[in-house]
Amino acid sequence: MSQREFHYTREDFELLRKLVNEHTGISLSDHKQEMLYSRLSRRLRALKLDSFASYYRLLQGDCGDELMQFINAMTTNLTAFFREPHHFDYLKNELLPRLKTQHAITRKLRIWSAGCASGEEPYSIAMVIKEVIPPDWDVKILATDLDSAVLEKAKMGIYLEEKINNVPKTYLSQFFKRGTGAQKGKVHIDPELQKMVTFRPLNLIHTWPMRGQFDIIFCRNVIIYFDKDTQTHLFERFANILVPNGYLFVGHSENLFKLTTRFRLLKQTIYIKSE
Ligand SMILES: C[S@@+](CC[C@H](N)C(=O)[O-])C[C@H]1O[C@@H](n2cnc3c(N)ncnc32)[C@H](O)[C@@H]1O
């Protein structure tokens, strides 16, 4: 403790993890004490504070700005293009062809990427849609996250070249433009693809402003950070906002077993809303 840059006690950890939970639904286990210290240290440094107790006091009286920085620091935003590729194979080869037939009259699809981080997930969905669904269809992808910093990055659609290693070759030339000059080493997402995705801030544990229903929800590697009650409540709400027979994709280490009866498992981490 004495070698630390900032004074940090078990009580500070308890207070701050409660605050994270209240604002995000994220539940930090006991062994996340060091993680909390390292993630928040840069905030204390920036604010020239010397203890976590004073940071907690500052958050108590804060009207939003530091609270946002606090939340941004505490979220885990790891993501990648075509992460868990079997989901995109299923989307391309089975689900979208099926929906193309079922929605042939309305020619409309609504998809939600809930917890989209820096945008790689919704842009990957958009690429597959471009390949399978005719261009005159009314397709919209809503992409939301509570972390304002990653959302800004997502909206810009600029990524380091090394981040596109997982993108199938056919999409690389079609949907990415290599930067030149000051942008060398970066790639830009095709503006046509960007138009398909609407990025919005949204906290999953708060009320949702959306009025329409969704055909597909991707909520991958998000609920793993929530406790079981929060997960159950969220799955209920996902079921309510999905059309009958709507689809829910979750992350590789997530499942709905014993949490809800509103969905049935179709195949590995892909669920369909029950009748
Ligand atoms: C690990 S990333 C997953 C990104 C992407 N879905 C994927 O699987 O690659 C988890 C994201 O969930 C977001 N998140 C965490 N709690 C949230 C909440 N209460 N509401 C909305 N987003 C949340 C985080 O900000 C983070 O960007």
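## Burial and the basis of the model

Buried means under 20% relative accessible area, exposed means over 50%, and partly exposed lies in between, with a 1.4 Å probe and protein chains only. By that rule cysteine 219 is buried, at 1% relative accessibility.

This is a predicted model, in which local features need pLDDT of at least 70, side-chain atom pairs count only at pLDDT 80 or more, and totals for chains, interfaces and linings use all residues. Residues are numbered from 1 along each chain as its sequence is written, and side-chain values use heavy atoms, with hydrogens and water left out.

## Overall shape

The protein has 10 helices and 10 strands. Both are DSSP runs numbered from the N terminus: helices are H or I with at least four residues, strands are E with at least two. The radius of gyration is 20 Å, close to the 19 Å that the globule rule gives for 275 residues, so the protein is as compact as a globular protein of that length. That radius is taken over C-alpha atoms, and the globule rule is 2.2 Å times the number of residues to the power 0.38.

Along its principal axes, the C-alpha trace spans about 65 × 55 × 30 Å. Of the 275 residues, 50% count as buried. Contact means heavy atoms within 4.5 Å. Among contacts with a separation of 6 or more, 73% join residues 24 or more positions apart.

## Cysteines

How many disulfides does a search of the whole structure find? It finds 0. A disulfide is a covalent bond between the sulfur atoms of two cysteines. Here the cut-off is a pair of cysteine sulfur atoms within 2.5 Å.

The sulfur of cysteine 116 has its closest cysteine sulfur in cysteine 219, and the 11 Å between them is too far for a bond. Cysteine 219 is likewise in no disulfide. Cysteine 116 is buried, with a relative accessible area of 0%.

## Two pockets

Pockets are found on a 1 Å grid over the protein atoms alone: a cavity is a set of points where a 1.4 Å probe fits but cannot get out, while a pocket is an open set with protein on both sides within 12 Å along at least five of seven lines, and lining residues have an atom within 4 Å of a point. Grid points are joined across faces, edges and corners, and a volume is the space filled by probe spheres set on the points. The largest pocket has a volume of about 420 Å³. Its lining holds 26 residues, and Thr76, Gly115, Asn221, Val222 and Tyr225 lie nearest the centre. This lining divides into 11 nonpolar, 11 polar and 4 charged residues. Ala, Val, Leu, Ile, Met, Phe, Trp, Tyr, Cys and Pro count as nonpolar, Asp, Glu, Lys and Arg as charged, and the others, Gly among them, as polar.

The second largest pocket has a volume of about 320 Å³. It is lined by 16 residues, with Leu142, Arg200, Met210, Arg211 and Phe214 closest to its centre. Strands E1 (108-114), E2 (138-145) and E6 (197-201) each supply at least two lining residues. Which strand gives the most? E2 does, with 4 residues. The lining of the second largest pocket has 8 nonpolar, 4 polar and 4 charged residues.

Glutamine 231 sits in helix H10 (residues 228-241). Glutamine 231 is buried, at 5% relative accessible area. Beyond residues up to four places away in sequence, glutamine 231 touches Ile223, Ile224, Phe226 and Leu259.

Glutamate 66 belongs to helix H4 (residues 65-74). Glutamate 66 is also buried, at 6%.

## Loop residues

Most residues other than glycine have a negative phi. Glutamate 84 has a positive phi of about 55°. Glutamate 84 lies in the loop between H4 and helix H5 (85-102) and is buried, at 10%. Alanine 117 has a positive phi too, near 50°. Alanine 117 is in the loop between E1 and helix H6 (120-132), buried at 7%.

Is leucine 146 buried or partly exposed? At 26% relative accessibility, leucine 146 is partly exposed. Leucine 146 lies in the loop between E2 and helix H7 (148-156). The C-alpha atoms of leucine 146 and leucine 204 are 7.7 Å apart, though 58 residues separate them along the chain. Outside four places in sequence, the contacts of leucine 146 include His23, Ile71, Leu202 and Asn203.
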